[in-house]
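Visitor: I have a model open and a few things to ask about it. Can we go through it piece by piece?

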Amino acid sequence: MSMQQMTQPASSQAGIERAQQQAQVVRRLHTNNTIAIGVLWAITVIVTVLFIAIIVYLLIQGAPALLSLGFYGTGATGIAAELFNTFYILILTEVILFPISLGAAIYLFEYAHQGPLVTIIHFAAETLAGVPSIVLGLFGFAAFAVYGGFGISRLAGALTLLCLNFPQALRLFEAALESVPGDLREGSLALGASKWHAIRTVVLPSALPGLVTGLILTAGKITGEAAALLFTMGLFNPANVFTLNPLIASDTLTTRLYFLKGPGAGSSSLSFSQESILAAGIAAVLILILLIINISARSIGRLIERRLTAA
Amino acid sequence: METGINRPQKHQGSGAPLTGAQVGDANPPSGERMNEPVQQAQSASPAEQVGGADPRKNLKPDAQTKIDIQHLNFFYGSKQALTDVSLPIREHQVTALIGPSGCGKSTFLRTLNRMNDLIPNTRTEGEAIFEGENIYSKSTDVVLLRQRIGMVFQRPNPFPKSIFDNIAYGLRIQHTSGKQLHEIVEQSLVDAALWDEVKDRLNTSALGLSGGQQQRLCIARALAVKPDVLLMDEPASALDPIATLKIEELITELSANYTIVIVTHNMQQAARVSQYTGFFLSREEYKGRLIEYGPTVEIFEHSKRKETEDYVSGRFG
């Protein structure tokens, strides 16, 4: 639309000047908008391409290992034990983490008087979330492996991961409870439900999509954690690695990767190129697991939401 | 909802939109027709505007007092929201609570089933005698109280469950099950005039219902636990005129068996459905006072207080 159509007929000199001025202002607005869109678009494209490139690069690097059968075995170039341990530690940690952090979230959000105590707890949790995992690893070693008497073990590792993930889980679960409209709680209580009954039958089912998302996001973090496990779970597997015994030391995909290209480089029976192929394969497997976890976090959460609200 | 409702004679309140402001007695402008089902002849007295059901016919001057509220004061922190409110809630009658926004009428309603307990730092003084017990007493079991005094909220709040499970919710709390459960669910839906619309899809989600149906579902859900008193907090304010009419008809029918207290923004609604009306007002000098209480007809046609007359005639609010 031209400026003539939008402004009053310019009968006088002042009118013409005004129209020109307005046209200038509008032109500048459009120019600035175009520049902003361009810059934001460029940033987005660069970041997206970078992410995709990293993933694709790691998958291509890992392809030789992923395609060899020995990679899935228990030999020197196999990761069967590490894969088992990774999922073992994931499940063990979640089994402890989920009820504890959900319970804390329910208490803090639904029951506790929203006063200074709750503020302090949130502050403490946020501080804990900022502690480097290597520091928590040292703490876990002292607290669980030494004082707790569990030694360097899966249990000590799981408890350390619990400390590491508790703040995030708490925050995610509280957010999930917060997303449930207060109307529903009132509706339930007005029908003569006790608070716990309302939470159990209305609040938790409504918060389920958020709870599942929280669970899976922490699962991703647990799977990818290495530093906290170095001191608490060890770097080697005993002979009875394929058991559910929580008191044995074992390594995971991440700690194996660390050992392979870190302190253990050149010390094993593997050649340098074999080591590199194996490391790239482990990295690729980790990327794949995290991809699956993140995609399922989104789709499962959405699926549950749709089932709950389906007409 | 205020838009299409014609205030009786006098001049229109400032809150009314411009298009509907010049409502003449003889020829309502065509724009006014949006509220068709609810609207009746202008010149009629408010009580006569209901098609058929005249709440005055149901007025029982000798109705017993179901809840007797005496000298109620209510505070949000240090801020007083209700001051010295005393009124009776009469059995099997509809008591309407009217007044401008922020006058405390909803707060008052929520004291009756102790819903304000959920808000931290609130304080209640005074007493509300219900079956010989003071509702506001610390020893009152709120769970039991809320099973006796049900509530319907401003916005329909069905649970994200099936229609059946919504109605059965309160019953299951009380461990009703089996055949009896099914019977009460059906009866409640019939009573809430929803049965015919949902009987073929009881197991589908209640969130798939329209707003008006959801609100009737919430009424059915409240009825299912057989409360003595039903509190309604602006139950039609989020609904369109046709759904509103249905809710109003339903209230009239339910008043035969239930004691109903309804908070409404809409004075014509109060006139259409209630036998008794309480008018609340909040001013600098008196926070949340009950200005006048009496039979609805008295309040609307021969109010004793100037504030009431000004409000019901649309001079402010």
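Guide: B:R114 counts as buried, at 13% relative accessibility; buried means under 20% relative accessible area, exposed over 50%, partly exposed in between (1.4 Å probe, protein chains only). This is a predicted model, where local features need pLDDT of at least 70, side-chain atom pairs count only at pLDDT 80 or more, and totals for chains, interfaces and linings use all residues. Residues are numbered from 1 along each chain as its sequence is written, chains are lettered from A and ligands numbered from 1 in the order in which they are written, and side-chain values use heavy atoms, with hydrogens and water left out.

Visitor: What does the side chain of B:R114 meet in a salt bridge?

Guide: The partner is B:D117, at 2.9 Å from N to O. A salt bridge here is a side-chain nitrogen of Lys or Arg within 4 Å of a carboxyl oxygen of Asp or Glu. B:D117 is partly exposed, at 38% relative accessibility.

Visitor: And B:E125, which residue does it form a salt bridge with?

Guide: With B:R123, where the closest N and O atoms are 2.7 Å apart. B:E125 is partly exposed at 30%, and B:R123 is partly exposed at 42%.

Visitor: How many salt bridges over all chains?

Guide: The search of the whole structure finds 17. Another of them pairs B:R172 with B:D165 at 2.9 Å, N to O. Salt bridges that share partners also join B:K66, B:E91, B:E131, B:R148 and B:D228 into one network.

Visitor: Switching to chain A. How many helices and strands?

Guide: Chain A has 11 helices and zero strands, counted as DSSP runs (helices H or I, at least four residues; strands E, at least two) numbered from the N terminus. Its radius of gyration is 28 Å, well over the 19 Å that the globule rule gives for 311 residues, so chain A is more spread out than a compact globule. That radius is taken over C-alpha atoms, and the rule is 2.2 Å times the number of residues to the power 0.38.

Visitor: Which domains is chain A divided into?

Guide: Domain 1 (1-67) and domain 2 (72-310), with bounds from an automatic or database domain assignment. Their centres, taken over C-alpha atoms, are 41 Å apart. Eight residues of domain 1 are in contact with 10 residues of domain 2, contact meaning heavy atoms within 4.5 Å.

Visitor: Is A:F51 buried or exposed?

Guide: Exposed, with a relative accessible area of 52%. A:F51 lies in helix 2 (residues 13-67).
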